[in-house]
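Open the model in your viewer and keep the sequence panel beside it. The tour goes stop by stop: select, look, move on.

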Amino acid sequence: MHLHFLEVPNSTNLGALIQRVADDPDARSLMILACDADNLQAEALNPVLRSCPKPVFGGVFPRIIHDRKALEHGALVIGLRFEAKCGVIPGLSDPAGDYFGTILDLFGEMDPTEQTMFVFVDGLSTRITALIDSLFNCLGLLPNYIGGGAGSLSFQQKPCLFTNHGLLQDAAILALADTRSSIGVAHGWVPISDAYKVTEADHNTVISLNRRPAFEVYKEVVEAHSGRTFAAEPFFDLAKSYPLGIAKLDAEMIVRDPIILDGTKMVCVGDVAEGGHVHILSGNPDSLVAGAAHARELAEAGISEEEGSGRSMLFVDCISRVLFLENDFDRELKVVDVGLPMAGALTLGEIANTGDAYLEFYNKTSVVGIFDDQRA
């Protein structure tokens, strides 16, 4: 992949760079990763995106990764040397949305075997899990999947997805790319509580645990373990260190990140199923860095030597891991780095498959993708 970086992007110079990369005959598709803090304007970028002659996908994230650093400002326009078939899924909070039908219309006649599906969603939409389920039901695990949730740490929904239709919100952009890949997923969080039954939930809002108000249960465990109190600090400042974990057979727990307190209800990034069970998790810098290293090891293990040496890495990591690790996040970047060209996004939720077992929407998780720069 060819990485083109803007240190101080605005709608004008980013639009010009998109046009320049699109004119490169080696670039068959464009992936764009940008930072929320740069306040890019959809009205100015939409004409460029809509007139781009090549497939475009990507998002605006709390931070991006370039040159082995996590950046709050900047934008990457990546020229990919493989083709991608892109499709937009609108209405990602619409309770009546038929995501399966839309995916079938877009990709049903294609053979996704040994291809890679890049999936970027508005991370503040409420039906991300329904989209992931529809993807799995339609395409199974024939392609590998990698991507994550775009958006802002203000938790205010706004246009955050780059597409050939413009900069969109409350949607998903899917890009089925003609490239082989290997994906590694791990997180390093461990349970500190017994399992609690989710006795009431509404999509991504946990209402009650063990028939008690959800926050009452959560508060008791977190304050006892941390020695801190929610009365003394904002909810997210303490909750970022104590996610919820959903058990999966023969796999690491699926993590859910509580981000907003609504009375005694907890709003998470991603659905929490009513009737299921969750643990409260915790971790430390060493366990999280080890989790990222394991994700990289899993990705490397899936690459055969016969596939050639022209490879690149996409590192999708949760923004709340950065907020938790702070200066130790540099350690995480170092254990993931294997010397390949690398780009990345720090996301509101991560999307990936774990080998041939699951396709999931994760929180607080490291996802490492290694892919061929060009279809063999």
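Between which two helices is the loop that holds Glu-326 found? Select Glu-326: its loop runs between α8 (319-325) and α9 (329-336). Helices (DSSP H or I, at least four residues) and strands (E, at least two) are numbered from the N terminus.

Before going on, note that this is a predicted model, where local features need pLDDT of at least 70, side-chain atom pairs count only at pLDDT 80 or more, and totals for chains, interfaces and linings use all residues. Residues are numbered from 1 along each chain as its sequence is written, and side-chain values use heavy atoms, with hydrogens and water left out.

**Two positive phi values**

Stay on Glu-326. Its phi is near 55°, a positive value in a residue other than glycine. Most residues other than glycine have a negative phi. Glu-326 counts as exposed because its relative accessibility is 58%; the cut-offs are under 20% relative accessible area for buried, over 50% for exposed and partly exposed in between, with a 1.4 Å probe and protein chains only.

Now select Arg-68, in the loop between β4 (63-66) and β5 (69-71). Arg-68 is not a glycine either, yet has a positive phi of about 60°. At 30% relative accessibility, Arg-68 is partly exposed.

**The largest pocket**

Select Thr-129, Asp-133, Lys-248, Arg-256 and Glu-360. Of the 22 lining residues, these lie nearest the centre of the largest pocket. A pocket is an open set of points on a 1 Å grid over the protein atoms alone, with protein on both sides within 12 Å along at least five of seven lines; lining residues have an atom within 4 Å of a point. The space inside is about 360 Å³, a volume being the space filled by probe spheres set on the grid points, which are joined across faces, edges and corners.

Which element gives the most to this lining? Color α4: it supplies five residues. Helix α4 spans 128-139, and β18 (244-248), β19 (251-256), β22 (277-282) and β26 (358-362) also supply at least two residues each.

**The largest cavity**

Next, select Asp-257, Val-269, Cys-318, Ile-319 and Leu-348. They lie nearest the centre of the largest cavity, which has 13 lining residues. A cavity is a set of points where a 1.4 Å probe fits but cannot get out. This one holds about 60 Å³. A search of the whole structure finds one cavity of 30 Å³ or more.

**Ser-182**

Move to strand β13 (residues 181-186) and pick Ser-182. Buried or exposed? Ser-182 is buried, at 5% relative accessibility. A polar atom of its side chain lies 3.5 Å from the backbone nitrogen of Gly-302. Beyond four places in sequence, Ser-182 touches residues including Asn-144, Leu-298 and Val-368; contact means heavy atoms within 4.5 Å.

**Aromatic rings**

The whole structure has 13 aromatic pairs. Rings of Phe, Tyr and Trp (its six-membered ring) pair if their centres lie within 6.5 Å; planes under 30 degrees apart are stacked, over 60 edge-to-face and the rest tilted. Select Phe-230 and Phe-235: this pair is stacked, 5.6 Å centre to centre with 25° between the planes. Both Phe-230 and Phe-235 are buried.

Last stop: Phe-57, Phe-61, Phe-82, Phe-118, Phe-120 and Phe-371. Together they form one aromatic cluster.

Conventions: A polar contact is a pair of N or O atoms within 3.5 Å; within protein, one must be able to donate a hydrogen and the other to accept it, and residues adjacent in sequence count only if both atoms are side-chain atoms.
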